[in-house]
Amino acid sequence: MENLYRAADLYDGKFSLVVEGAIPIAANGKFCSIGEIDHKEITMMDLVKDLGPRAGSVIAVGTCATFGGIPAAQGSITQARGVMDFFKTFHINTPVVNIPGCPPHPDWIVGSIAHLLTKGIPQLDEFGRPVVFYGENIHDNCPRIDQYDAGNMSETLSDPKGCRMDLGCKGPVTYADCYQRKWNSGLNWCVDNAVCTGCVEPGFPDLTSPFYDPA
């Protein structure tokens, strides 16, 4: 913790603060204590509130850090929220680059950091996401789009062919390049084995649940 604050002092206004996880603000942030300095407890709320205004930019990594995600879903008692909502609450104006995903693809993280270091903040969409990674609709670019156009729908998750929309696929309302980037070193992606759950979108998981019911 001391090294973190020492680095912030040394590079004041020039560093990028990377936030992973939602920020609970209920009970004055006590739901997430991340360390201490001089025997004083430091919560995640304290740290982001302290260092957020001093950063040149903030990178929110993962759906929890960007939009609140599962910790902010219905039933939460922690008042957890993503960085942008947290900044609005506390009137912090530092630019935020959102990299949602549950989990986010490593390329999205590394690519965004590389762009930030070499060219500055990338072009962002209305939700603060880099357009280069989140600019295309999954359904429109799905390898199974021809099956959808032909009216061939998968009846089970083990069906090797057919569109999975009737099984709950949220590709039509989801924007990311999973369909071409794929996961596990390019081995597969969600629609190969299950359905898209819309994990990169605001409101996940509440707005995309139940995952296996048609949208």
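Which residue stands opposite Leu 17 in S4? I looked it up and found Val 58.

**Ground rules.** I am reading a predicted model, where local features need pLDDT of at least 70, side-chain atom pairs count only at pLDDT 80 or more, and totals for chains, interfaces and linings use all residues. Residues are numbered from 1 along each chain as its sequence is written, and side-chain values use heavy atoms, with hydrogens and water left out.

**Sheet.** I traced an open sheet of 3 strands, order S1-S4-S5, with parallel pairing. Strands here are DSSP E runs of at least two residues, and helices are H or I runs of at least four, numbered from the N terminus. Two strands pair if DSSP finds at least two bridges between them. S1 (16–20) and S5 (96–99) are the edge strands, each with a single partner, so one side of each has no neighbour in the sheet. I found 5 bridges joining S1 to S4 (residues 57–61).

**Salt bridges.** I noted 7 in the structure. The criterion is a side-chain nitrogen of Lys or Arg within 4 Å of a carboxyl oxygen of Asp or Glu.

I then checked Arg 129. Its closest N and O atoms are 2.8 Å apart with Asp 125 and 3.0 Å apart with Glu 201. Arg 129 lies in the loop between H5 and H6 (131–134), and Glu 201 in the segment after H10 (190–193), so the pair ties together parts 72 residues apart in sequence.

Burial came last (buried is under 20% relative accessible area, exposed over 50%, partly exposed in between; 1.4 Å probe, protein chains only). Arg 129 is buried at 2%. Glu 201 is buried at 10%. Asp 125 is partly exposed at 21%.
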